[in-house]
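This report asks how the parts of one chain are held against one another, going from single side-chain contacts to the chain as a whole. Please keep the model open while reading.

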Amino acid sequence: HDRRDIEIGQKIACPTLVLWAEHGPVDQWYRDVGGPLAIWRGYADQVEGEAVLGGHFFPEVHPHETAERLAGFFTSKHHRNGTPAPAPDRSLPSNAD
């Protein structure tokens, strides 16, 4: 599916968060093409992100900082397209059969 999407110019439409290890291989390899965000902008319309301290597997080394970045992304207005998040459905299941 990926090849076909690339061929027809179809991109990921939802907001996309890209995180990578600061000073790690990904941070170094793609500098000449604008870095990881530039790469992902070729595949998605709404890309944001940053390098994160912590080495190869930064979520394990810095779990709280990683969780904060994820929570910020998922609760941002940008992620929700500027509309408030829907209220959770707290209704009880109906037993009427």
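## Contacts around Gln46

In this predicted model, a polar atom of the Gln46 side chain lies 3.0 Å from the backbone oxygen of Ala13; a polar contact here is a pair of N or O atoms within 3.5 Å, where, within protein, one must be able to donate a hydrogen and the other to accept it, and where residues adjacent in sequence count only if both atoms are side-chain atoms. Gln46 is found in the loop between helix H3 (35-41) and E2, with helices (H or I, at least four residues) and strands (E, at least two) taken as DSSP runs numbered from the N terminus. The C-alpha atoms of Gln46 and Ile12 are 8.2 Å apart in space, although 34 residues separate the two in sequence.

Residues are numbered from 1 along each chain as its sequence is written. Local features need pLDDT of at least 70 and side-chain atom pairs count only at pLDDT 80 or more, whereas totals for chains, interfaces and linings use all residues, and side-chain values use heavy atoms, with hydrogens and water left out.

Thr16 has its place in strand E1 (residues 16-21), and with a relative accessible area of 13% Thr16 is buried, where buried means under 20% relative accessible area, exposed over 50% and partly exposed in between (1.4 Å probe, protein chains only). The Thr16 side chain reaches the backbone oxygen of Cys14 at 3.1 Å. Not counting residues up to four places away in sequence, Thr16 touches Ala44, Gln46, Val47, Glu48 and Phe73, contact meaning heavy atoms within 4.5 Å.

Pro15 is found in the loop between H1 and E1 and counts as buried because its relative accessibility is 12%. Pro15 and Val47 are 32 residues apart along the chain, yet their C-alpha atoms are separated by 6.1 Å.

## The nonpolar core

Which residues make up the largest nonpolar core? Val18, Trp20, Leu37, Ala44 and Val47 do, five residues in all, a nonpolar core being a set of buried Ala, Val, Leu, Ile, Met, Phe, Trp, Tyr and Cys residues joined through side-chain atoms within 4.5 Å. In soluble globular proteins, nonpolar side chains tend to be buried together. Val47 touches Thr16, Val18, Leu37, Trp40 and Arg41, again not counting residues up to four places away in sequence.

## Salt bridges

How many salt bridges does the count come to? The count comes to two, under the rule that a side-chain nitrogen of Lys or Arg lies within 4 Å of a carboxyl oxygen of Asp or Glu. In one of them, the side chains of Arg69 and Glu50 meet at 2.8 Å, N to O. This pair links distant parts of the chain, with Arg69 in helix H5 (residues 63-75) and Glu50 in strand E2 (residues 47-52), 19 residues apart. Arg69 is partly exposed because its relative accessible area is 27%, and Glu50 is partly exposed as well, at 37%.

In the salt bridge between Glu7 and Arg4, the N to O distance is 3.8 Å. Both residues lie in helix H1 (residues 2-8), three residues apart, about one turn of the helix, and Glu7 counts as exposed because its relative accessibility is 60%.

Thr66 lies in helix H5 and is buried, with a relative accessible area of 7%. Its side chain reaches the backbone oxygen of His62 at 2.9 Å, and Thr66 touches Phe58 and Pro59, not counting residues up to four places away in sequence.

His23 lies in the loop between E1 and helix H2 (25-29) and has a positive phi of about 70° although it is not a glycine. His23 is exposed, with a relative accessible area of 59%.

## The chain as a whole

The chain has five helices and two strands, and from the N terminus on its elements run α-β-α-α-β-α-α. Buried residues make up 18% of the 97 residues, and among contacts between residues at least 6 apart in sequence, 66% join residues at least 24 apart. The chain exposes about 7600 Å², of which carbon and sulfur atoms supply 56%, with accessible areas from the Shrake-Rupley method with a 1.4 Å probe and, for residues, only the protein chains shown counting as cover.

The mean pLDDT of the chain is 82, and 78% of its residues reach 70 or more, pLDDT being the predictor's confidence in each residue, from 0 to 100. Where pLDDT is low, the predicted coordinates should not be read in detail.
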